[in-house]
Amino acid sequence: MGFHRMPDSASLRAPAARPRRPTRLLEGQRRAVAFVFAFAVLSIIAALHTWLGSTVVVGSLAGSVVVAFGMPESDMARPRSLLGGHVISCIAGIIVSYVLRDSSLAGPVGVSIALLLMQSTTTIHSPAGADPLIILASNGDWWRPVLVLLLGLLLISLIAQGYRRIIRALEGTQPGDGNASP
C-alpha cells in the first residue's frame with residue numbers, strides 16, 4: 001500500500017523573483033545619460049540667466065538638477081515636489097520680503113515658512129529651501145529670479161521625464177537579461 005505524500009503549498013509556489021541588480025554597464029550608462037541631461041539643462045538655464053541678467057538662481061536650480069537626474073526615484077524628484085516646492089518657497093520669500101523687508105530675521109523666517117508649507121503640502125524639495133534667500137537677495141526686484149526659476153523648473157521637469165524614459169529603456173535591455181523591455 002503506497003501512500004503518496006501531497007506536496008505542501010510552499011513547494012508549489014514559484015520561486016520568488018530576485019530583484020535585478022543594475023549591472024556595471026547599466027550604472028555607467030545611467031551616469032552618462034544623467035551627465036548629458038544635467039549639462040544640457042544647466043547650459044540652457046545659464047543662457048536664460050545671462051539673457052535676463054539674473055545669475056543668483058543657479059545654485060537652487062543646480063540642486064534641482066542633481067535631484068532630478070541623480071535621484072530620479074526619490075520623492076523630491078517628483079514633479080509635484082520639484083515644481084510645488086519651488087513655487088511655495090518663492091511665494092514665502094516674496095511675502096517675507098515685503099513684511100520683514102530689512103530685518104535680519106527675514107531669511108530664517110522665509111526659509112522656515114517655506115519648510116513648514118512644503119511639509120504641509122508634501123512638496124519637500126530641498127533645493128527650494130534657498131528660494132526665499134534668493135528672493136530676499138534680489139532687493140525687491142524678484143520677478144527676474146522667479147521667472148528664471150519657473151522657466152528653468154519647467155525645463156528640468158520636461159527633460160527629466162525624457163531622462164526617466166531612457167533609463168527605463170536601458171534597464172529593460174540589461175545584458176544577459178533576455179528581455180527586450182519590461
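Q: Hi! Where in the protein is confidence lowest, and where is it highest?
A: This is a predicted model, where local features need pLDDT of at least 70, side-chain atom pairs count only at pLDDT 80 or more, and totals for chains, interfaces and linings use all residues. Confidence is lowest in helix 1 (residues 9-12), with a mean of 54, and highest in helix 5 (residues 106-120), at 95. Here pLDDT is the predictor's confidence in each residue, from 0 to 100, and helices are DSSP runs of H or I, at least four residues, numbered from the N terminus.

Q: And what's the mean pLDDT of the protein?
A: The mean is 81, and 79% of the residues reach 70 or more.

Q: Okay, new topic: where is S97?
A: S97 sits in helix 4, which covers residues 79-99. Residues are numbered from 1 along each chain as its sequence is written, and side-chain values use heavy atoms, leaving out hydrogens and water.

Q: Is S97 buried or exposed?
A: S97 is buried, because its relative accessible area is 11% (buried means under 20%, exposed over 50%, partly exposed in between, with a 1.4 Å probe and protein chains only).

Q: What does the side chain of S97 reach?
A: It reaches the backbone oxygen of I94 at 2.7 Å.

Q: Now M76, where is that?
A: M76 lies in the loop between helix 3 (58-70) and helix 4. M76 is also buried, with a relative accessible area of 18%.

Q: Which residues does M76 touch, not counting those up to four places away in sequence?
A: Among them are V67, L82 and H125, where contact means heavy atoms within 4.5 Å.

Conventions: Helices (H or I, at least four residues) and strands (E, at least two) are DSSP runs, numbered from the N terminus. A polar contact is a pair of N or O atoms within 3.5 Å; within protein, one must be able to donate a hydrogen and the other to accept it, and residues adjacent in sequence count only if both atoms are side-chain atoms.
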